[in-house]
Amino acid sequence: MSVIEALRDDNFLEQVPRAGTNHPATLELFDRIGLYARIAPRGIIAPLFHYWDRREQKRIAEFDHVHLKDDTRFPYVLQCERIKIVEEALKLAKAHPHINVRLGMTFISFEQGADGVTAFATNPAGETEAFRGAYLVSCEGARSIVRKDLGIGFEGFTYPDRTLNIEVAYDFRKNGYTERNYISDPDEWSNLFHWKGPPDRWRIHFPTEAHEDEEALTREDALQARLQRFLPIGKPFEIVGTNLYVVHQRVAQKFRVGRTILAGDSAHVNSPIGAMGMNSGVHDAFNLADKLVRILRGEADGEVLDRYERQRRHVAVQHTQAQTIRNKRLLAEKDPAVRQKNNDELRRTAEDPKLARAFLLRSSLIASLREAEQIA
Ligand SMILES: Cc1cc2nc3c(=O)[nH]c(=O)nc-3n(C[C@H](O)[C@H](O)[C@H](O)COP(=O)(O)OP(=O)(O)OC[C@H]3O[C@@H](n4cnc5c(N)ncnc54)[C@H](O)[C@@H]3O)c2cc1C
């Protein structure tokens, strides 16, 4: 197997901070390939998450993954930045005798026929190299060349507002928060998460208006003012980073055409509220890898890849899209009566062990994996 990646050894870790909350179902998969033991010491084990109401300055509900102790060996999430996961996964891939890792190679096009696929990529010297294989898996992110070349629609929508991410060195646990917090507010909802780094830091997300100027939004005084409105601490916050990003909710019409298959953000993108994008991409990869291995061993034929599409597209539409859209609506809700109802429901769910378990099975992606297994 060949892995083609445009980044090189010298800039592989210079990626924008993104995913990092690893749900129990994903930790089980990582454990299967020896990746969990490598990333666990580099992350934070977080059994709890909170819902807060900023208007009321109150914690609404605390969810504890302990309710999943009979469902998983990992009744917690691991807060471990994507950059560390890919770094450790890359070491495993490089050490594997059957994986040919080619960094610094930019994939440009492909051709497929009845017997195989040829991918073309440019090497660091500017030459085009051809890679011949039985299948091509597009894991090139949301801007996938493969998806566009195949003319596969990317159905859904893009939110008009952008999300502002601010990274601060301040321990929010002093103020009652836990490692992961979802904070609703009719004017300015937030997510607040703890990351080990280094440096140890907390990432806080705020919505911004579509027309606001990026330079004005990310100026130090504007960031400080926003943070102090969120939590006045009587001194400036130590800001260690910031970025602004656009959020899409889209799913590819098809996950497979012939011998070419889409996985991860190439197949589906969603808001980070709920931490599902990378996790579901990892689930795609394990599902697909199992099927490709069976095909290559002669234990299954190509039709089994249709099941990959049925299973993973179902999860993308019915679980990931539905939940992430709902999560954002919940945090941004403006109607006071609906907000009250939502808060009451969250409180009731967190306090009832049966309801809490059902809620956690969905939020931790265990329910979606179990449901996908039932799809023929
Ligand atoms: C702020 C933020 C926070 C997030 N938090 C979470 C979270 O906590 N949990 C979660 O599950 N998800 C989260 N997500 C979503 C998550 O980051 C993505 O779903 C995930 O990174 C997708 O992985 P991917 O490998 O499919 O695509 P990508 O991460 O986009 O990786 C694509 C790779 O392909 C390479 N590539 C692209 N084009 C080419 C080419 N032509 N040739 C060669 N190589 C190429 C790129 O260099 C890159 O390495 C978050 C997203 C954002 C924006």
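Predicted model: local features only at pLDDT ≥ 70, side-chain atom pairs only at ≥ 80, totals over all residues.
Biologist: Which residues come nearest to the ligand?

Modeller: The shell around the ligand holds 24 residues, and by class these divide into 12 nonpolar, seven polar and five charged. Of the 24, those that come nearest are Glu5, Arg18, Arg82, Asp265 and Met278.

Biologist: How far from an oxygen atom of the ligand does a polar side-chain atom of Glu5 lie?

Modeller: Polar contacts here are pairs of N or O atoms within 3.5 Å. A polar backbone atom of Ala275 is 3.3 Å from an oxygen atom of the ligand, and for a backbone N or O atom of Met278 the distance to a ligand oxygen is 2.7 Å. For the polar side-chain atom of Glu5, the distance to an oxygen atom of the ligand is 2.6 Å.

Biologist: What percentage of the area that the ligand exposes when taken alone does the protein bury?

Modeller: Taken alone, the ligand exposes 1,000 Å². Of that area, the share buried by the protein is 81%.

Biologist: Which element gives the largest share of the lining of the second largest pocket?

Modeller: This pocket has a volume of about 580 Å³, and of its 25 lining residues the closest to its centre are Arg326, Asn327, Leu330, Leu346 and Phe359. At least two lining residues each come from strand E4 (48-53), strand E13 (180-184), helix H8 (304-332), helix H9 (336-351) and helix H10 (353-363). The largest share, six residues, comes from H8.

Technical notes. Residues numbered from 1 in each chain as written. Heavy atoms only, no water. Near = heavy atom within 4 Å. Polar contact = N/O pair within 3.5 Å; in protein donor to acceptor, adjacent residues only side chain to side chain. Areas by Shrake-Rupley, 256 points an atom, 1.4 Å probe, with all protein chains shown as cover. Nonpolar A, V, L, I, M, F, W, Y, C, P; charged D, E, K, R; others polar. 1 Å grid on protein atoms, 1.4 Å probe; cavity = no way out; pocket = protein on both sides within 12 Å on 5 of 7 lines; lining within 4 Å. Points joined across faces, edges and corners; volume = space filled by probe spheres on them. Helix = DSSP H or I, 4+ residues; strand = E, 2+ residues; numbered from the N terminus.
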